[in-house]
Amino acid sequence: MAARPAPYLDDLNPAQREAVERLDGPVLMLAGAGTGKTKALTSRIVHLLVSGKARPNEILSVTFTNKAAREMKERVGRLLGQQIEGMPWLGTFHSICVKLLRRHAELVGLKSNFTILDTDDQIRLLKQLIAANNIDEKRWPARQLSGLIDHWKNRAWVPTKVPASEASAFNNRGTELYEQYQTRLRELNACDFGDLLLHMVTIFQTHQDVLEQYQRWFRYILVDEYQDTNVAQYLWLRLLAGAHKNICCVGDDDQSIYGWRGAEVGNILRFEKDFPGAHVVRLEQNYRSTAHILAAASGVIRGNEGRLGKELWTAADGGEKVRLIGHWDGEEEARWIGEEIEALQKGTRGIRPHSLDDMAILVRASHQMRAFEDRFLTIGLPYRVIGGPRFYERLEIRDAMAYFRLVVSPDDDLAFERIVNTPKRGLGDKAQQVIQHTAREFGVSLIEGARIAVEEERIKGKGGGQLRLLCENLARWRETMLGPVLRPGEIDGDDPTDVIDDEPAFVVGGTRRGRPRVTHMELAEMILDESGYTAMWQADKTPEAPGRLENLKELVKALEQFENLQGFLEHVALIMDNESEEAGAKVSIMTLHAAKGLEFPAVFLPGWEDGLFPSQRSMDESGVKGLEEERRLAYVGITRAEELCTISFAGNRRVFGQWQSALPSRFIDELPEEHVEVLTPPGLYGGGYGAAAAYGTGSGLETRAAEANVYNSPGWKRLQERSTQRPVSQPRESRNTIIDLQAVSAFEMGQRVFHQKFGYGEIIGIEGDKLEIAFEKAGTKKVVARFVHAETD
Ligand code: ATP
Ligand code: MG
């Protein structure tokens, strides 16, 4: 072995090398971000193979995501200088356990072709059980029970092992229902995600022969991101490594960000107890980031207590300071980041040109992605969303859009199928078949089929009543969207408060209609509320539910940029059409959680506002646990950056068309000043104030109130004090919206103007982007400023 060249060892520092070469016995590598833990782990696999200690199928290596597993396989191949013939046991806990469980399913009462339930199936099953037990599902929702069962499974508690202290859970019925659920799963030859691990742990605990077989088989075990393992995963590892103890775990307590999903950072501490004599390797040199970035990250994480405490250093020079910038609102933030990305691409910021592949935007909450996706589509900037569906592909967004589609085009049968029983209306498969048959029999759409089926009492009872209500609602929402029917000769728009920039009456399907009485945003909210869809998620007790509600709000917000629902739906259809992955460089957008273990030369961290990051939930919690996890997330975010890290926040976010002002994140205060450069927000200096104020469609007063509020906030003051007053991006050529809206602020009372349709007039009122004008011929009207020109005679 010693005689063979080992270039992969030459790339390592002494501490890493030690971790790589010490193949036998337990090794714990505990080190901060970017210190080469994953690199060492990969080299260790190579070393096992090259030294002939193990064949590829004798190495069990666990990564946190499938993406990480793929990357590790590639890296191993590269280091070996050849493609490896499979590493069958390199994957996530779940992917490895599925394979194992298929081999031994009968030991836990399953067949090897068992199905794995997704969350929807799981909920459906739990609902049936809850009903069968005569429990009121409204008070005791299935999602709550599913969360509870997941939690127990993460702790490796089978029904009989759930401790007495949990007996009161779910109205004292939790354990009993858990037991019934497991029985039912077995009858269905199915299991859920949590079972994959739990069953394997059970098998190992109860079948010594099977355990021994795998202990012999997996001669070497390696685990990345060890800080995020839960108890069940930990037990599984401990059982497998129990005999030979050739286990190498690498992790960083400062990057433990899955506590909310049952991960236990205490597993790291337990390691030394369970594997006495474990060799602990500490790495302190960071190879990823420049000194400023590293110092900023260290400054933030220092705010946490009870850390194992590690100091990092880098040989890299200072580089660029971490850049910090505040924006007027979320749209401005997205616009600015888009421009920065284009500038970085060209290398016009005094920073070397970067490929789009080298840039990433890391968000705290997935709903933040929407503004970036829309902006990048508008300017044609290629992007990809990693680790989750893109905004418009999310479950709740597709559901909501199905409602909108159905209101715009009642013949959209696919949309109808999607929402007919979402939220649950007691319309099961049977009722839905009746609707289908009726529609086919009469040759009509499903909505129409449903209406007839109710009319003819083909569907009766509660389901029938609910279906009738749905049909009536859909018809009513459509009427609302189309606007009131006008009687012959009747003219809409006589009311001087009306905004008119179109004909006073529209002809729809031969019927003259007046202008709709509610905006399409209001209509969208109405649809989501009256259909019970919003309430469905409000009643939901799973950790994802608040995020889904946020996404729905974000959806309504997105509508503002469009003239009507139809225009919006077309826009989304185009986005979805864009779906096919084209080759070429792309900016990555992902959540901070999904960014774990990754690195990018340039990283943008938007939305650093209290309530968003740290999340409201973590701030409301008593104690610092939640807040500390958020801080670790901030640390993960900053340490993803190699050369350039830009943190930003918006002073306002618009929620349901209302301005909500936010304070800069408390984490911003924790960034050490000497490593941060505060950039001047566009619009704050250089006369852009008015432009910022003219944004949006809120009334001028509202806007100004929000402005006063934010600019007087302690956060802004601090930022101004610290600002280097260096204007960031001037001149700003590409800001069409602002130029447009700046025009608004150019108008003043009493000014003589010309309107494309109504001719000359004088401004007698200004409200947001609307002007009230006394026209010489057409009388007094309120019009959208866009259509008005200043009269310069
Ligand atoms: P994280 O905690 O974020 O997962 P990590 O500790 O796993 O980080 P790696 O991703 O393995 O760190 O390494 C970070 C970067 O440093 C990579 O680009 C890697 O190639 C580089 N690197 C690691 N060790 C060395 C070394 N000894 N010499 C040069 N570069 C190194
Ligand atoms: Mg890593």
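Pro614 sits in the loop between β15 (600-605) and α25 (616-620), and a cis peptide bond, with omega about 5°, links this proline to Phe613. Keep in mind as you look around that this is a predicted model.

- Most peptide bonds are trans, and most residues other than glycine have a negative phi, so exceptions are worth a look.
- You can find Pro423 in the loop that runs between α17 (413-419) and α18 (429-442).
- Phe170 is an exception of another kind: this residue is not a glycine, yet its phi is positive, near 50°.
- To locate Phe170, look in the loop between α7 (142-154) and α8 (174-187).

**Around ligand 1**

- The shell around ligand 1 holds 19 residues, and those that come nearest are Gly36, Lys37, Thr38, Lys39 and Tyr287.
- Helix α3 (residues 37-50) supplies 3 residues, the largest share of this shell.
- By class, the shell has 9 polar, 6 charged and 4 nonpolar residues.
- Where does ligand 1 lie relative to domain 1 and domain 3? Both domain 1 (18-99 + 198-283) and domain 3 (322-382 + 582-734) give residues to the shell, so ligand 1 lies between them.

**How helices pack: α19 and α20**

- Two packed helices are described by the angle between their axes and by the distance between the axes.
- For helix α19 (residues 446-455) and helix α20 (residues 461-482), the angle is about 135° and the axes are 9 Å apart.
- The two helices α19 and α20 are therefore oblique to each other, and α19 passes α20 in a left-handed crossing.
- On the α19 side, the contact is made by Ile447, Ala450, Arg451 and Val454, while α20 brings Gly464, Leu467, Arg468, Cys471 and Leu474.
- Sorted by class, the residues of this contact are 6 nonpolar, 2 charged and 1 polar.

**How helices pack: α21 and α23**

- Helix α21 (residues 520-530) and helix α23 (residues 545-559) have axes that come within 8 Å and cross at roughly 155°.
- The crossing of α21 past α23 is right-handed.
- From α21, the residues His520, Met521, Ala524, Glu525 and Leu528 meet Leu552, Val556 and Leu559 of α23.
- This contact of α21 with α23 has 6 nonpolar residues, along with 1 polar and 1 charged.

**How helices pack: α16 and α21**

- Helix α21 also packs with helix α16 (residues 395-408), at an angle of about 115° and with the axes 10 Å apart.
- That makes α16 and α21 roughly perpendicular to each other.
- As α16 passes α21, the crossing is right-handed.
- Ala400, Tyr403, Phe404 and Val407 of α16 meet Ala524, Ile527 and Leu528 of α21.
- How many nonpolar, polar and charged residues does the contact of α16 with α21 have? It has 7 nonpolar residues, with no polar and no charged ones.

Terms used
Residues numbered from 1 in each chain as written. Chains lettered and ligands numbered in written order. Predicted model: local features only at pLDDT ≥ 70, side-chain atom pairs only at ≥ 80, totals over all residues. Near = placed C-beta within 6 Å. Helix = DSSP H or I, 4+ residues; strand = E, 2+ residues; numbered from the N terminus. Nonpolar A, V, L, I, M, F, W, Y, C, P; charged D, E, K, R; others polar. Domains from an automatic or database assignment. Axes fitted to C-alpha atoms, helices over the stretch in contact; angles between N-to-C directions. Parallel < 35°, antiparallel > 145°, perpendicular 65-115°, else oblique. Left-handed = near helix turned anticlockwise from the far one by under 90°. Contact = placed C-beta atoms within 7 Å.
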